[in-house]
Amino acid sequence: MSLIFDIIFLIFTLYILLRCIAYGIYEIKEENNKFGGISFIITGIVAVIFSNILMFINV
């Protein structure tokens with residue numbers, strides 16, 4: 001059961017990461033806000049990495 005939950009969590013966080021990257025690209029291209037787009041993408045990547053690390057080591 002835990003493995004199924006881990007896989008669902010991983011898929012969900014990857015979906016969120018893709019949405020963050022898409023919004024970051026939108027900010028860069030459409031709004032000409034390079035700092036905002038890059039910081040949004042980096043924040044999304046860091047959040048997904050650390051949440052998955054905590055999930056898989058079962059803290």
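Which residue just after H2 takes a positive phi? The legends below refer to a predicted model.

**View 1. The residue that follows H2.** Asn-58 takes a positive phi of about 55°. Its place is just after H2.

**View 2. H1 against H2.** Two packed helices are described by the angle between their axes and the distance between the axes. For H1 and H2, the angle is about 175°. Their axes lie 7 Å apart. Angles over 145 degrees count as roughly antiparallel, so H1 and H2 are roughly antiparallel to each other. The contact of H1 with H2 draws on 16 nonpolar residues, six polar and three charged.

View 3. Thr-13 belongs to helix H1, which covers residues 2-29. Is Thr-13 buried or exposed? Its relative accessible area is 6%. The cut-off for buried is under 20%, so Thr-13 is buried. Neighbours within four places in sequence are left aside here. Beyond them, Thr-13 is in contact with Val-48, Ser-51 and Asn-52.

**View 4. The buried residues of H2.** Helix H2 runs over residues 34-56. Its buried residues are Gly-36, Gly-37, Ile-41, Gly-44, Val-48, Asn-52 and Met-55. What covers them includes H1. Val-48 and Asn-52, both buried, are among the contacts of Thr-13.

**View 5. The length of H2, end to end.** How far apart are the end C-alpha atoms of H2? They are 33 Å apart. H2 has 23 residues, and at 1.5 Å a residue these should span 33 Å, so the two values agree.

**View 6. Ala-47 and Gly-37 along H2.** Ala-47 is found in helix H2. Its relative accessible area is 46%, so Ala-47 is partly exposed. Gly-37, by contrast, is buried. Ala-47 and Gly-37 are 10 residues apart in sequence. From C-alpha to C-alpha they are 15 Å apart in space.

**View 7. Aromatic rings.** The count comes to three aromatic pairs. One of them joins Tyr-23 and Tyr-26, with 6.0 Å centre to centre and 35° between the planes. This pair is tilted. Both tyrosines lie in helix H1, three residues apart, about one turn of the helix. An α-helix has 3.6 residues a turn, so residues three or four places apart point the same way. Tyr-23 is partly exposed, at a relative accessible area of 38%. Tyr-26 is also partly exposed, at 40%. Ring pairs link Tyr-23, Tyr-26 and Phe-40 into a cluster.

Notes:
Residues numbered from 1 in each chain as written. Predicted model: local features only at pLDDT ≥ 70, side-chain atom pairs only at ≥ 80, totals over all residues. Heavy atoms only, no water. Helix = DSSP H or I, 4+ residues; strand = E, 2+ residues; numbered from the N terminus. Buried < 20%, exposed > 50% of the residue type's maximum accessible area, 1.4 Å probe, protein only. Contact = heavy atoms within 4.5 Å. Axes fitted to C-alpha atoms, helices over the stretch in contact; angles between N-to-C directions. Parallel < 35°, antiparallel > 145°, perpendicular 65-115°, else oblique. Nonpolar A, V, L, I, M, F, W, Y, C, P; charged D, E, K, R; others polar. Expected span 1.5 Å × (residues − 1). Phe/Tyr/Trp six-rings, centres within 6.5 Å; stacked < 30°, edge-to-face > 60°.
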